[in-house]
Amino acid sequence: MPMVIFRLRDNSLYCYIAKQDLEAKVLELEHNLPECWGGRVSLEGGKAYYIAPQPAIPRFPVSLRATRSEY
């Protein structure tokens, strides 16, 4: 499970994947509500990861564990 870091830059959400030294813009987030944040995260370049849903939108930057999304 890689550690990923989410941060806001220029009003866009970016994801940094430490093991791959890759930073990509988040294109789509499955759950992006004040009471639920996370799920499937689609990145530019075609990669997708899964973040366990959080009970609220986190304060950025935030480090979370992710798994590769198969769907």
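Predicted model: local features only at pLDDT ≥ 70, side-chain atom pairs only at ≥ 80, totals over all residues.

Me: Which residues of the largest nonpolar core touch the most other members?

Reply: The core has 16 residues, and those touching the most other members are Val 4, Phe 6, Cys 15, Val 26, Val 41, Leu 43 and Ile 51. A nonpolar core is a set of buried Ala, Val, Leu, Ile, Met, Phe, Trp, Tyr and Cys residues joined through side-chain atoms within 4.5 Å. Buried means under 20% relative accessible area, exposed over 50%, and partly exposed in between (1.4 Å probe, protein chains only).

Me: Which elements give two or more residues to this core?

Reply: They are strand 1 (3-9), strand 2 (12-17), strand 3 (22-33), strand 4 (36-43), strand 5 (48-54) and strand 6 (62-65). Strands (E, at least two residues) are DSSP runs, numbered from the N terminus.

Me: And what does Ile 51 touch?

Reply: Leaving aside residues up to four places away in sequence, Ile 51 touches Val 4, Phe 6, Gly 38, Gly 39, Val 41, Leu 64, Arg 65 and Ala 66. Contact means heavy atoms within 4.5 Å.

Me: Moving on, how many bridges join strand 1 and strand 2?

Reply: These strands pair in the antiparallel sense over 6 bridges; two strands pair if DSSP finds at least two bridges between them. Val 4 stands opposite Ile 17 in strand 2.

Me: Why is strand 2 called largely enclosed?

Reply: Because 5 of its 6 residues are buried, strand 2 is largely enclosed by the rest of the structure. Strand 2 also pairs with strand 3 in the antiparallel sense, over 4 bridges, and Tyr 14 stands opposite Lys 25 in strand 3.

Me: Is Asp 10 buried or exposed?

Reply: Asp 10 is exposed, because its relative accessible area is 71%. Asp 10 lies in the turn of the hairpin of strand 1 and strand 2, with a positive phi of about 55 degrees.

Me: What about Asp 21?

Reply: Asp 21 has a positive phi of about 50 degrees although it is not a glycine. Asp 21 lies in the loop between strand 2 and strand 3.

Me: Last one: where is the cis peptide bond?

Reply: The cis peptide bond joins Phe 60 and Pro 61, with omega about 0 degrees. Pro 61 is in the loop between strand 5 and strand 6.

Technical notes:
Residues numbered from 1 in each chain as written. Heavy atoms only, no water.
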